[in-house]
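The following note sets out several points on the structure shown below.

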Amino acid sequence: MEALHEAVRLLAQSQRVVVFTGAGVSAESGLATFRGAGGLWEGHRVEDVATPEAFARDPELVWRFYAMRRERAWQAQPNPAHLAIAEMDRLFAQLVVVTQNVDGLHQRAGSRHVLELHGSLWRIRCTRCQRERHDEQVPLASLPPRCGACSGLERPAVVWFGESLPTKVWEEAERACSNADLMLVVGTSGVVWPAAGLVELAAATGAWVVEVNPEPSALAHLARVQLQAKAGQALPALVRQLREA
Ligand code: BJW
Ligand code: ZN
């Protein structure tokens, strides 16, 4: 495959690499993506459940959505794409995974430097005192959970529409993207901002962009190389060929 050779050629010349991922990287672990077929939950669009307004209106409905996501993520295993990305840690002087995903599968695959732009299913925050805690209990003992310190209503520590991304994570991501020699954009539709802007930033500051997606994304015009394939096939092939290069 010509595009694969070109991607390997560019990676072989790169030292600072950012792997920017979205829900598609976890699709082959059995986790549903947000948009497109099967992307609905009980008839709700993600835009309808992933908002502070939805949570204020009906915290139990929103918590049911996240409790289900926690169960599925807990049962899921990292797939060959996550494992190939983790292996890339050893192939480059600097490798940063900037993910929009909240499932924790990059970390479970062994990636060491992961920036979670949209938070994590495994953290819970009190809406009253803002105390944040790590929680991997599946299923949760009670829904919605309450804060042990102040009895306030707790929420998933994820980023909903209209909310700001965590400042430090965002700043670190901007730094990594503006210094990158190459950015691999894997399994994202590229329609959610400001995350999608990181690909523009990387391209504008001189990084080669390589997209891995069975369908061209909204960011495809920025890509020097497009690998129209599933991440679980393309990424292990990339790593294999890179080792031999
Ligand atoms: C495969 C595959 C395989 C399948 N292999 N690939 C500028 C312009 C327009 C709007 C805005 C703008 N700036 C801000 C906005 C508003 C809004 C926004 O972006 N709206 C657009 C949707 C129109 N953004 C925000 O509100 C953000 N906050 C913000 O801007 O704050 C500033 C502010 C403050 C106050 C007031 C106003 C602004 C926050 C965005 C938060 C997004 N949160 C979610 C939920 C997180 C928690 C959770 O997981 O539940 O994040 S929404 C959801 O979308 C989730 C994802 O991370 C995100 C991106 O989705 P992703 O990962 O790309 O998934 P899909 O399903 O879209 O695509 C999957 C892809 O995989 C497809 O391309 C497939 O082809 C591919 N695929 N199988 C490889 N095997
Ligand atoms: Zn509290």
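1. Helix axes are taken here as lines fitted to C-alpha atoms over the stretch in contact, and angles run from 0 to 180 degrees between N-to-C directions. In this predicted model, the axes of α7 (residues 167-179) and α8 (residues 197-204) cross at roughly 35° and come within 8 Å.

2. From α7, Trp170, Ala173, Glu174, Cys177 and Ser178 meet Leu198, Leu201 and Ala202 of α8. Six of the residues in this contact are nonpolar, one is polar and one is charged.

3. The largest nonpolar core comprises 31 residues, and Leu184, Leu227, Leu235 and Leu238 have the most contacts inside it. At least two residues of this core come from each of several elements, including α1 (2-12), β1 (16-21), β7 (182-186) and α9 (231-244). The most is given by α9, with seven residues.

4. Beyond its neighbours within four places in sequence, Leu235 is in contact with Ala81, Ala84, Ile85, Met88, Leu184, Val186 and Val212.

5. The zinc ion (ligand 2) is coordinated by the SG atoms of Cys126, Cys129, Cys147 and Cys150, at 2.3 to 2.4 Å. The site is tetrahedral, with angles of 97 to 116° among the four donor atoms. The spacing of the donor residues in sequence is C-x2-C-x17-C-x2-C.

6. Cys129, with a relative accessible area of 37%, is partly exposed.

Methods: Residues numbered from 1 in each chain as written. Chains lettered and ligands numbered in written order. Predicted model: local features only at pLDDT ≥ 70, side-chain atom pairs only at ≥ 80, totals over all residues. Heavy atoms only, no water. Core = buried A, V, L, I, M, F, W, Y, C linked by side-chain atoms within 4.5 Å. Buried < 20%, exposed > 50% of the residue type's maximum accessible area, 1.4 Å probe, protein only. Helix = DSSP H or I, 4+ residues; strand = E, 2+ residues; numbered from the N terminus. Contact = heavy atoms within 4.5 Å. Donors = N, O, S within 2.8 Å, 3.2 Å for Na, K, Ca; no water. Tetrahedral: all angles 85-135°; square planar, octahedral: opposite > 155°, others 65-115°. Nonpolar A, V, L, I, M, F, W, Y, C, P; charged D, E, K, R; others polar.
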